[in-house]
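Hi everyone, thanks for coming.

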Amino acid sequence: MKMKKILSISLAAVAGLMMASCSDEAPMDTDLYPQTVYIVGAHNRIIDANLDLRYPVDTVNLSVSVSGNRILDRDVKVTLAECPEAIQYYNEREVSAQARQFRHLGDTVYSIPSNEVMVQAGEVYHTFPIYVNPQSLKCDSLYMLAFKIAGTSEFKATKTDTVALVNLHLSNPYSGQYYMNGVIKAVDNPNDSLVYVMPRKLVATDDGQTVRMFHYNNEWQEGAMNDYRPTSTFKITVNPDQTLKLTSWDKFDLQDGGGKYYPEMKAYALWYTYRERGKLWKTVGFLYKERKNNTQQHEINDWMEDMRASGWQ
């Protein structure tokens with residue numbers, strides 16, 4: 001009887017182990033949801049891409065991926081097609097008729113080496129390159145390209161992330177969000193002064209060394225009634241020796257100007273004189289790139305104080 005009891009327990013244990021091995025399949029060994037092909041970022045509708053004006057041709061890369069909880073076990077060929085009608089669709093539904101409309105790039109401004117992308121087995125994604133000539137673009141125009149998934153060799157395209165609207169922005173090392181910290185004084189009466197502390201967005205234009213800046217007035221925003229671009233903007237060019245060349249953008253009555261760019265601080269020390277309503281004014285100050293935290297902000301504040309203490313302007 002004792003032998004039969006032991007044998008019975010052993011057979012039960014073996015049966016239990018067999019059942020556990022059948023039901024204990026690792027989740028990563030099975031597809032928890034269907035594998036689908038998608039353009040990375042397309043779920044946000046707009047994909048922002050920068051074009052660096054330093055280069056005659058810059059590259060914008062779209063990423064194509066295959067979703068799933070398992071490593072891709074086969075090659076998947078994906079065909080992309082342009083769909084400029086998606087840009088028009090976006091303009092009609094998302095952009096005011098009075099506002100600037102997004103424009104599709106001209107055929108001579110960009111090129112695509114191939115419409116096919118091969119996401120290889122073991123890869124997470126593969127890139128789809130688009131070559132663009134940024135120097136053909138204007139800083140006040142809105143440019144966009146649109147692509148959709150036209151076909152796949154394996155799996156289906158996702159229903160929601162198949163069209164990518166690529167919004168193209170001009171950039172260079174000196175563009176971006178900055179803050180002006182300075183003062184404006186009447187040349188004939190320095191006591192007639194105005195503190196100049198404002199955020200300023202420097203827009204890349206012309207080449208890899210030049211940006212456009214607004215003088216004091218509110219920067220133009222889409223849909224704004226007042227457009228100060230013709231009368232209140234000027235260009236700053238950083239020369240090879242880091243000195244500055246200032247020129248009027250359009251109708252801003254710039255008389256003179258100069259200064260220096262400090263790459264280690266990502267900051268400009270600049271001055272300029274201009275005429276407004278028959279009176280000559282001089283702006284002196286610092287233009288520094290936006291800081292990420294308080295420690296970095298304290299560092300640039302100390303630098304500006306040291307520069308002023310040293311007698312700069």
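Let's begin with an open sheet of 5 strands, in the order β6-β8-β3-β1-β10 and with mixed pairing. At its edges are β6 (110-111) and β10 (156-157), each of which pairs on one side only. Strands here are DSSP runs of E with at least two residues, helices are runs of H or I with at least four, and both are numbered from the N terminus. Two strands pair if DSSP finds at least two bridges between them.

Before I go on, a word on the source: this is a predicted model, where local features need pLDDT of at least 70 and side-chain atom pairs count only at pLDDT 80 or more, while totals for chains, interfaces and linings use all residues. Residues are numbered from 1 along each chain as its sequence is written, and side-chain values use heavy atoms, with hydrogens and water left out.

Back to the sheet. Strands β3 (residues 58-66) and β8 (residues 125-132) run antiparallel and are joined by 8 bridges.

Buried is under 20% relative accessible area, exposed is over 50%, and partly exposed is in between, with a 1.4 Å probe and protein chains only. If we skip neighbours within four places in sequence, Leu168 is in contact (heavy atoms within 4.5 Å) with Ala49, Leu51, Val60, Leu105, Tyr143 and Leu145.

Now the helices. In α2 (residues 85-94), the buried residues are Ala86, Ile87, Tyr90 and Asn91. They cover an arc of only 145 degrees around the axis, so they sit on the same side of α2; the arc is that of the directions from the helix axis to the C-beta atoms. Among the elements covering them are β2 (46-52), β5 (102-104), β9 (142-152) and β11 (163-171).

Helix α4 (residues 294-309) has 16 residues. Which residues of α4 are buried? They are Ile300, Trp303, Met304 and Met307. Their arc is only 95 degrees around the axis, which puts them on the same side of α4. As a reminder, an α-helix has 3.6 residues a turn, so residues three or four places apart point the same way. The cover over the buried residues of α4 includes β12 (176-186), β17 (254-262), β18 (267-276) and β19 (279-289). On the other side of α4, Asn294, Thr295, Glu305, Asp306 and Ala309 are exposed. After the helix comes Gly311, with a positive phi near 95 degrees.

Strand β19 also holds Thr283, which is buried at 1% relative accessibility. Beyond its neighbours within four places in sequence, Thr283 has contacts that include Met180, Tyr196, His215 and Trp271.

Last one: Glu219, in the loop between β14 (210-214) and α3 (229-232). Is Glu219 buried or exposed? Glu219 is buried, at a relative accessible area of 18%. Leaving out neighbours within four places in sequence, Glu219 is in contact with Pro199, Arg200, Lys201 and Phe214.

How values were computed
The expected span of a helix is 1.5 Å times one less than its number of residues.
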